[in-house]
Amino acid sequence: SKKKGKRAKSDDGTPWIKRHRPTNGQVELGVFGGVMLIAKDHELYRPADAAGSNWEEYKRVAPDIGLRVGYYPLSFLGVEVEGGVIPTKTATSAQSAILGTFRGYAIAQLPYRVAPFVLVGYGLMGTTGLGKDIDPALHFGGGVKFYVNDLIALRLDVRDNATAQYKTDGGRTNHLEFLLGLSIVLNKKKEKPAPDPATDGDGFKDRVDKCVNTPGIAPDGCPEA
């Protein structure tokens, strides 16, 4: 159990879960990739005539890649902006199409090395496939980050994009995303090491001294019997 305790803490006594955790003023630059499940009843198209005869479903599953930048004025709260590209085809005619996303959102996270988070925001989603069209999109989701060290973080996101629904006034449909990301962390503040005193003045730090309030000798910091 002693060995496990030593592995769980760094040399300065910082617990594993608090090492490399986010700090106030941190900036994150990231790339991501994954898949989008495109809604069957989407309205991402521009009608060729009043009947909208050129509407088609898109392929249900499409690759999803993009870039993001985030700023965290507080270690647990930040804002991010990101853009993504989703190349796909129409389901029936196999016509090539490119969907795109651009969005901004607020993100709240637990300020630890493993950091679960939630986010919500607003943006745009468009297409160049069935005519050029851009629709507003409500955007929300969550996930978890893992800060590998002070420079690199890994990330998993599950998102939902709510956009207009085909032939439904005021209706909404949902495009789900599953994303993996890699971020470069900038402007991280160095945290002060946890205090590591030797209360009784015998040179043995309290974390290893078995007689904290009584000066002692090797090997355990206790007086000679």
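A salt bridge here is a side-chain nitrogen of Lys or Arg within 4 Å of a carboxyl oxygen of Asp or Glu. With that in hand, Arg 68, Glu 80, Glu 82, Arg 103, Arg 155, Asp 157, Arg 159 and Glu 177 are linked in a network of salt bridges. Over the whole structure, a search finds nine salt bridges. Side chains of opposite charge can pair when their charged atoms come close.

Some ground rules come before the details. This is a predicted model, where local features need pLDDT of at least 70 and side-chain atom pairs count only at pLDDT 80 or more, while totals for chains, interfaces and linings use all residues. Residues are numbered from 1 along each chain as its sequence is written, and side-chain values use heavy atoms, leaving out hydrogens and water.

How confident is the predictor? The scale is pLDDT, the predictor's confidence in each residue, from 0 to 100. The protein averages 88, and 82% of the residues score at least 70. Residues 1-7 stay under 50. For that stretch the model has two contacts (heavy atoms within 4.5 Å) beyond four places in sequence. Where pLDDT is low, the predicted coordinates should not be read in detail.

Now follow the network pair by pair. Start at Glu 80, whose side chain meets that of Arg 155 in a salt bridge, at 3.0 Å from N to O. This pair links distant parts of the chain: Glu 80 lies in strand S3 and Arg 155 in strand S7 (residues 152-164), 75 residues apart. Strands are DSSP runs of E, at least two residues long, numbered from the N terminus. Both partners are buried, meaning under 20% relative accessible area, against over 50% for exposed and in between for partly exposed (1.4 Å probe, protein chains only).

Arg 155 also meets Asp 157 in a salt bridge, 2.8 Å from N to O. Asp 157 is buried as well.

Glu 82 forms a salt bridge with Arg 103, their closest N and O atoms being 2.7 Å apart. Arg 103 counts as buried because its relative accessibility is 3%. Glu 82 is buried because its relative accessible area is 2%.

Is Val 81 buried or partly exposed? Val 81 counts as partly exposed because its relative accessibility is 37%. Val 81 belongs to a nonpolar surface patch of about 760 Å², whose other members include Leu 29, Phe 102 and Leu 186. Patch residues have over 30% relative accessible area and no salt bridge; like charges are joined within 9 Å, nonpolar side chains (Val, Leu, Ile, Met, Phe, Trp, Tyr) within 5 Å. Accessible areas come from the Shrake-Rupley method with a 1.4 Å probe; for residues, only the protein chains shown count as cover.

How values were computed: Helix = DSSP H or I, 4+ residues; strand = E, 2+ residues; numbered from the N terminus.
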